[in-house]
Structures are given as structure tokens and as C-alpha cells.
Amino acid sequence: MTHPADIERHPDIAELRTRYELAAASPTAQALDGLTVLAGLYLALSPWIVGFNYLGPITVNNLITGLAVAGLGLGFALAFGRTYGIAWIAPVIGIWTIISPWVIAGGMETTGTIVSNVVVGAIILVLGLATLGLAGTRAMAMRRR
């Protein structure tokens, strides 16, 4: 019977972790991770920056989704080998951010919410797709070896 501790010592696991650490250390990955954190923080603070914090539902939405994006970016930066499998979540949050002013009930589609959410949503979508592509490229490269 195999114990979890035995699996952790397997040479293939150590090699995979080393490869993911190298992938996370690349300048491209670091830039993507940093920009993702910044985009998430902006999204979380955007109701107060742009001035639509009086609109409760969109304010709460942006705060929660922004913190989630920032957390994903930190996860990618600190533990890419363990978080690359959830890289698909960032583009989904980007799409949600773009459409949320119209989906959330109660007339949340003011000019400020639309411009802010569409721009930062598009940025999160692009960063998420780039991170997803980086994860896919690294996974394909490892399968070939």
C-alpha cells in the first residue's frame, strides 16, 4: 500500500515541482501575476476610485471578485505548480466583470460602472487567458519530456 508521504518523495513529483517553479520564475509569468494582482486590487477598489460606491450590489460584486482575482494572482505567483489548474477561473471572472453592470439588478449600469468594469474586465480576461496559455504551454512541454 502506498502512503501519501511515499508519493511526495517520488522523483517525478519533485521534478514537476521544479519545472513549475521555473515556469513561475520566468519574467513573463511574474509580469502576468503582478498585473493580475493589480487588476484585482483595482477592481476591488473601483467603486471608491470611480465613485459608484453608493450602488450597493455592484460595489459588493466588485469588491468580492476583485479580491478573488488578486488572490488568484498571488496564488499563481507563490505556488504556480499547485494553482495552474485553476487558471481558467480568471478569464471567467473577467467575462463576469464585463457583463455584471447589466446582469446585477437595480440599474447598476451607470457610465462609471460600465467603463470601469468593461476595461478592467477585459484586462483580467486577457491576463487570465495569457496565464492559462502559459500553464498549457508548460504542461505540454512536460508531457513531451
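1. Helix 3 (residues 27-51) comprises 25 residues, and its first and last C-alpha atoms lie 35 Å apart, close to the 36 Å expected at 1.5 Å a residue. The expected span is 1.5 Å times one less than the number of residues in the helix. Helices (H or I, at least four residues) and strands (E, at least two) are taken as DSSP runs and numbered from the N terminus.

2. The model is a predicted one; local features need pLDDT of at least 70, side-chain atom pairs count only at pLDDT 80 or more, and totals for chains, interfaces and linings use all residues. Residues are numbered from 1 along each chain as its sequence is written, and side-chain values use heavy atoms, with hydrogens and water left out.

3. Where does helix 3 kink? A kink of about 65° is found at L45, shortly before the proline P47. The bend at a residue is the angle between axes fitted to the seven residues ending there and the seven starting there.

4. The buried residues of helix 3 include D33, T36, G40, L43, S46 and P47. Buried means under 20% relative accessible area, exposed means over 50%, and partly exposed lies in between (1.4 Å probe, protein chains only). S46 belongs to helix 3 and counts as buried because its relative accessibility is 0%. Beyond its neighbours within four places in sequence, S46 contacts G51, F52, N62 and S116, where contact means heavy atoms within 4.5 Å.

5. The chain as a whole has seven helices and zero strands. Of its 145 residues, 39% count as buried. Among contacts with a separation of 6 or more, 66% join residues 24 or more positions apart. The chain exposes about 8100 Å², of which carbon and sulfur atoms supply 71%; accessible areas come from the Shrake-Rupley method with a 1.4 Å probe, and for residues only the protein chains shown count as cover.

6. The largest nonpolar core has 16 residues, and A39, L72, F76, V120 and I124 have the most contacts inside it. Helix 3, helix 4, helix 6 and helix 7 (111-144) each supply at least two residues of this core, and the largest share, five residues, comes from helix 7. A nonpolar core is a set of buried Ala, Val, Leu, Ile, Met, Phe, Trp, Tyr and Cys residues joined through side-chain atoms within 4.5 Å. Leaving aside neighbours within four places in sequence, I124 touches A39, L43, V69, A90 and G94. A second, separate core of five residues includes L55, I58, I104 and M108.

7. Is T65 buried or exposed? T65, in helix 4 (residues 56-78), counts as buried because its relative accessibility is 11%. Not counting residues up to four places away in sequence, T65 is in contact with L43, I93, W96 and T97.

8. E109 lies in the loop between helix 6 and helix 7. E109 is partly exposed because its relative accessible area is 39%. Apart from residues up to four places away in sequence, E109 touches P101, W102 and I114. The C-alpha atoms of E109 and L55 are 10.0 Å apart, although 54 residues separate the two along the chain.

9. On confidence, the chain has a mean pLDDT of 84, with 77% of its residues at 70 or more; pLDDT is the predictor's confidence in each residue, from 0 to 100. Among the elements, helix 1 (residues 4-8) has the lowest mean pLDDT (62), and helix 6 (residues 89-103) has the highest (95). Where pLDDT is low, the predicted coordinates should not be read in detail.
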